[in-house]
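The following questions and answers concern the structure shown below.

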Amino acid sequence: MSATVIPDSHATGSVGLVTTRTVTLFAHGSPMPLDSGASLQPIQVAYETYGALDANQDNVILICHALSGNAHAAGRHRLDDSKTGWWDGYIGPGKPFDTNRFFIICSNNLGGCDGTSGPSSIDPNTNQPYGLNFPLITIGDIARLQRALLDHLGIRKVLAVAGGSMGGMIAMQWALDYPERVAGALIIASTPRLSAQNIAFNAVARQAITQDPDFNLGNYYQGAKPERGLSVARMMAHITYLSEKGLHEKFGRRLQNREHFSFALETDFAVESYLKHQGSTFGKKFDANTYLYITKAMDYFDPFPDPETTARRLQPVHARLFVMSFDTDWRFDSSRSKELVRILNLHQKNVSYQEFHSPHGHDSFLLPDHEYQRAIATFVNRLYEERRRLISSVGLPV
Amino acid sequence: MNDRFDRSRRHTASDLSIDQEIIAGLVGEGARVLDLGCGDGRLLEYLINNKKARGFGVEISSQGMHACIARGLPVYHGDIDQGLSDHTDAAFDYVILSQTLQAVRRPQFVLLEMLRVGKKIIVSFPNFGHWHIRWQLLVNGRMPKTPMLPYEWFDTPNIRMCSILDFQDLCRQMDIHILEQIPLAAWGGLPRSLIKRHLLGLLPRGVANLLAPVAVFLLEKGRE
């Protein structure tokens, strides 16, 4: 697909050309503490922003990406980029996260491989890539680094934190860890904790990577990378992102460039070819160690392990929470979102829940859908209007 | 309880339908409220703004969801059964079921669940004993249609029609204590000055069953 970018970004609803910026945090002074007990210093963060920050900083929306995302959430890096940012359908002028109104921030998660410090970054102590010497991280650590980035940008409060899948976990984490900073959270296609099945999928993905002959205990940056293992991990995960019906409707039992079965171990079916392509593309661009670390962070996520912890953690939370799910998602199906809503309701939190119809499974949260887009827009606009009303009523300069 | 006829309050509640206005009058200040089938959230918003209520709505339609989110209300997208099972015993001061009882599949189960999660419950429903409905069936010999019950028999969502007397019987049978019953004289949406609705409250039971198109009940679990 050749890209045609029309210069008037308002007409296209695109944020247009954007650049990823990087900043080094925790360069001096104390390192960032991690939930594991370890600490990290310095930490580089890659981030993008869209829209303009209000004088009162009342229009900040923090976007959290999922497992394989990055800071590039909207727009294009170059005019001839064939692909836009990963949530481009949702961020831009006139879109649900309307850049005419909101100041949007998205950063690459801690442990990532797209500009933020992770296993592929250079360890300043050895001048070699960290590899498996990178400390294990949690969703809480990811949120902590995002908070440090916002501090660096001089931003105290966010109007809303939003994310799908693992991004939803990060959004939940924000509401829990920084209750005084968050007015609203959108937790989309997510879960309060991974089930045994979810962990099992992650475990098999990690096995695929670590069993790759090129894995070399994570120390592969000088030679061949464990692309095959990573590609298998991605192929399997990719199946869980789509619905059975959606996948079948797209490919059915169609054969790939052939009329008859090969009766050999060749790529007979179109769906095989599609998955192979998805896997190998991902295997080339993503870091296998990051995949190991981030899936571990997801496995560990469990903010409500027992009634006492739950009560203690939810007590200070006053953000308005909007939990959303999709009816064909089986990676984190609607019952997982309802599980979260039930916990929040038990503690009388301000929570709304909506399920959307979509044939696209877990990936639905990334794809355009009118009802879903309208719900996001309505929720964040209401938060914004209330915030403006509050500001004008207490006489702060508007 | 007389404040529900307070003039100023009625003025601020002018967006509410007549039975919603009565329901709002029954809800105490600062109460925690669950509004089942909250629709566009008008009643819930009124309770939060004017009664300092802390509320939560349950709504099945996406139009209703959208309206509630736009009002900044906490709302759960789902059916009433699901909306109830999520909550612990006596989690709410009031559970409201406004003009929805006639459309639920298992009214007894819903009433029991409402009584479980709510200390008090408020139920309003169209009264099938109303003279207009009786008259239509008697004279036309066909299923009655009214502004509140406009559907054809084959596509109506209202599958559990009852009269005020029927509902009273059910309450007795289920050991539900009737704290208040308020038959309304006007059809929802009609000018409320049409008939002095509260006069009806003074009428004998059978007469109210004949004259009131809608009734509002305040109920609690029977005390053995």
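Domain bounds come from an automatic or database domain assignment. The model is predicted: local features need pLDDT of at least 70 and side-chain atom pairs count only at pLDDT 80 or more, while totals for chains, interfaces and linings use all residues. Residues are numbered from 1 along each chain as its sequence is written, and chains are lettered from A and ligands numbered from 1 in the order in which they are written.

Q: How far apart do the C-alpha centres of domain 1 and domain 2 of chain A lie?
A: Domain 1 of chain A comprises 9-198 + 304-393, and domain 2 comprises 199-300. The distance between their C-alpha centres is 26 Å.

Q: Which helix of chain A supplies the largest share of the side of domain 1 that touches domain 2?
A: Contact here requires C-beta atoms, placed from the backbone, within 7 Å; 32 residues of domain 1 of chain A and 26 residues of domain 2 of chain A take part. At least two residues on the domain 1 side come from each of helix 2 (139-152), helix 3 (166-177) and helix 4 (196-210) of chain A, where helices are DSSP runs (H or I, at least four residues) and strands likewise (E, at least two), numbered from the N terminus. The largest share, three residues, belongs to helix 4 of chain A.

Q: Why is strand 13 of chain A largely enclosed by the rest of the structure?
A: A residue is buried if 20 or more other C-beta atoms lie within 10 Å of its own, with C-beta atoms placed from the backbone. One side of strand 13 of chain A carries A:Arg320, A:Phe322, A:Met324 and A:Phe326, the other A:Leu321, A:Val323 and A:Ser325, and all are buried. Strand 13 (residues 320-326) of chain A is largely enclosed because its buried residues number seven of the seven.

Q: What is the handedness of the β-α-β crossover from strand 13 to strand 14 of chain A?
A: Strands pair if DSSP finds at least two bridges between them; strand 13 and strand 14 of chain A do so in the parallel sense over six bridges. A:Phe322 stands opposite A:Ser352 in strand 14 of chain A. A crossover is right-handed if, with the strands pointing away from the viewer, the path from the first strand over the helix to the second runs clockwise. The chain passes through helix 10 (residues 334-346) of chain A, and the crossover is right-handed.

Q: Which elements of chain A do the buried residues of helix 4 of chain B pack against?
A: The buried residues of helix 4 (residues 62-70) of chain B are B:Met65, B:His66, B:Ala67, B:Cys68 and B:Ile69. Within chain B, they pack against strand 2 (54-59) and strand 3 (75-77). In chain A, their packing partners are strand 14 (351-356) and helix 11 (370-393).

Conventions
Contact = placed C-beta atoms within 7 Å. Buried ≥ 20, exposed ≤ 12 C-beta atoms within 10 Å, placed from the backbone.
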